[in-house]
Amino acid sequence: MRVFRALRHRQVQWLWGGQVFSAMGDEIYGIALVWYATNLLGTDAGYLSAVQAGSVFIFSLFGGVLVDHLDNRRVMILSDVLRGLAVLSLPILGTFGPLSLWAVVVVAILVSSLSAFFNPALAGFIPQMTKDRALLQATNGLMETTSRFARIIGPGLVGLLGRHVPLIHFFTVDAISFFVSALSVSRAKPDPALVHNENYQREVFGSLMAGYRLAKTNPVLRYTVYSTSVAASAWLFVVPLGMTLLVRERLPSNIGALGFLISAYGIGNVVSNIVIANFHFHRPQRWIFSGRLVAGVGIFLLSFSTTLEQMMLASALTAVGGPLADLGYVNFIQKVCSGREIARIFRYITAVGQGSLLIVYLVSPKLFDQFSVSAGIASAAVLVFLSGLIGFVVDREV
């Protein structure tokens, strides 16, 4: 299959291997974090997610001023090392007593903030590895499998080992994964001819507005950027917060059930990612909107599921929409942008998305208190579905 041909290249092997391991640690970290948060805060755990979203929002905007002229690979390595140290502080503190809410909040802020540097740098680094368009698309597809493989392995480990391994050491695993990622990135070298060096300091305002100006250049890109903020917010309202609350409501005191539920999501992600990555993305924006339609249906079915088996099937269907939307998105951005524009537009997309997500997480506790968990998830499904439907209309009119 074409997606795996990229693995013949040593640079891709190093980058992909490290990101698989790191993403697996992130999944374990995410489940442990949301479980701690719901134990301490209940439905108010949405406020912790809001704090994380706010951190990414702020650093996506202002972080660009600091790293716009820096090497993407160095930014990634430093971000990984700092995130590893931050997460490692939790099990160290846990040896002296129960974790406090403030310790969890501070680490969550640090990890989220640093991801605002790492993710755009990664998006800008991948096109520096090859000028072969077919190989680049295959590498995109391969890199998208990292988080999807992790959604199988990470939560599956939580489900199988949750009764035997202290929850605090899930953070230890994540810390190690960041250090492994830093090592793998250090071994992946870009093609010097594809590295775009800019020998000037961008003004603060200009750096903040660069992504905004890029988004304005193309009507479909503009709609995709702003509608993604709505669709992603609704999607992440469900995964993992909505799923966690649904499991707590219908399968109480069962963190293993949550692990298996998110694992089913990961299986749907991986299988569909491998298949979809082998297609040619002639009009990648249409893949984005198709993914939202599929995900909307899956989330809607999830809201009415009552057994673990039903939840897992709905979760797997929802997951199919992920590769459709994400691969379409990456290929669309790389089609209409180039060089450092890619990192800048991704930073702007991240900032817009996290700003919307900040609002969603701030109101989510009240929504879950005023309405049922099921109603909240169903409403998110409608938003995701409509954002895809409207996208086809916008694309047809251009």
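Is Asn 273 buried or exposed? Asn 273 is buried, its relative accessible area being 0%. The model described here is predicted, and its protein chain contains 14 helices and 0 strands. Of the 398 residues in the protein chain, 56% count as buried.

**Overall architecture**

- Along the sequence, the pattern of the protein chain reads α-α-α-α-α-α-α-α-α-α-α-α-α-α.
- Among contacts in the protein chain between residues at least 6 apart in sequence, those joining residues at least 24 apart make up 88%.

- Asn 273 lies in helix α10, which covers residues 255-276.
- Setting aside residues up to four places away in sequence, Asn 273 touches Gly 141, Glu 144, Thr 145, Arg 148, Pro 323 and Leu 327.
- Asn 273 counts as buried because its relative accessible area is 0%, and the cut-off for a buried residue is under 20%.
- Ala 264 is also located in helix α10, and Ala 264 is buried at 6% relative accessibility.
- Beyond its neighbours within four places in sequence, Ala 264 is in contact with Met 312, Ser 315 and Ala 316.
- Although Ala 264 and Met 312 are 48 residues apart along the chain, a distance of 5.4 Å separates their C-alpha atoms.

**The largest nonpolar core**

- In soluble globular proteins, nonpolar side chains tend to be buried together.
- The largest nonpolar core has 56 residues, and the members touching the most other members are Tyr 29, Val 87, Phe 171, Val 238 and Met 243.
- Helix α9, made of residues 219-250, gives the most to this core, with 10 residues.
- Val 238 touches Met 243, Ile 299, Leu 302, Ile 377 and Ala 380, when residues up to four places away in sequence are not counted.

- Val 297, Phe 300, Leu 301, Phe 304, Leu 317, Val 382, Phe 385, Leu 386, Leu 389 and Ile 390 make a nonpolar surface patch of about 830 Å².
- Two or more residues of the nonpolar patch come from each of α11 (284-303) and α14 (373-397).
- The element that gives the most to the nonpolar patch is α14, with 5 residues.
- Leu 389, one of the residues of the patch, is placed in helix α14.
- Leu 389 is partly exposed, with a relative accessibility of 42%.

**Salt bridges**

- Side chains of opposite charge can pair when their charged atoms come close.
- In the whole structure, a search finds 4 salt bridges.
- One of them joins the side chains of Arg 83 and Asp 80, with an N to O distance of 2.8 Å.
- Arg 83 and Asp 80 are separated by about one helical turn, because they are 3 residues apart in helix α4 (residues 72-94).
- Both partners are buried: Arg 83 has a relative accessible area of 5%, and Asp 80 has a relative accessibility of 0%.
- A salt bridge also joins the side chains of Asp 395 and Arg 283, at 3.1 Å from N to O.
- This pair links distant parts of the chain, since Asp 395 is in helix α14 and Arg 283 is in the loop between α10 and α11, 112 residues apart.
- Asp 395 is buried, with a relative accessible area of 4%, whereas Arg 283 is partly exposed at 33%.
- Asp 395 forms a salt bridge with Arg 286 as well, and their closest N and O atoms are 2.8 Å apart.
- Here too the pair links distant parts of the chain, with Asp 395 in helix α14 and Arg 286 in helix α11, 109 residues apart.
- Arg 286 is partly exposed, its relative accessible area being 38%.
- Through shared partners, salt bridges join Arg 283, Arg 286 and Asp 395 into one network.

**Confidence of the prediction**

- The protein chain has a mean pLDDT of 82, and 88% of its residues reach 70 or more.
- Over residues 198-202, pLDDT stays under 50, and the model has 10 contacts beyond four places in sequence for these residues.
- Where pLDDT is low, the predicted coordinates should not be read in detail.

Technical notes
Residues numbered from 1 in each chain as written. Predicted model: local features only at pLDDT ≥ 70, side-chain atom pairs only at ≥ 80, totals over all residues. Heavy atoms only, no water. Helix = DSSP H or I, 4+ residues; strand = E, 2+ residues; numbered from the N terminus. Buried < 20%, exposed > 50% of the residue type's maximum accessible area, 1.4 Å probe, protein only. Contact = heavy atoms within 4.5 Å. Patch = residues over 30% accessible without salt bridge, like charges linked within 9 Å, V, L, I, M, F, W, Y side chains within 5 Å. Areas by Shrake-Rupley, 256 points an atom, 1.4 Å probe, with all protein chains shown as cover. Core = buried A, V, L, I, M, F, W, Y, C linked by side-chain atoms within 4.5 Å. pLDDT = per-residue confidence, 0-100.
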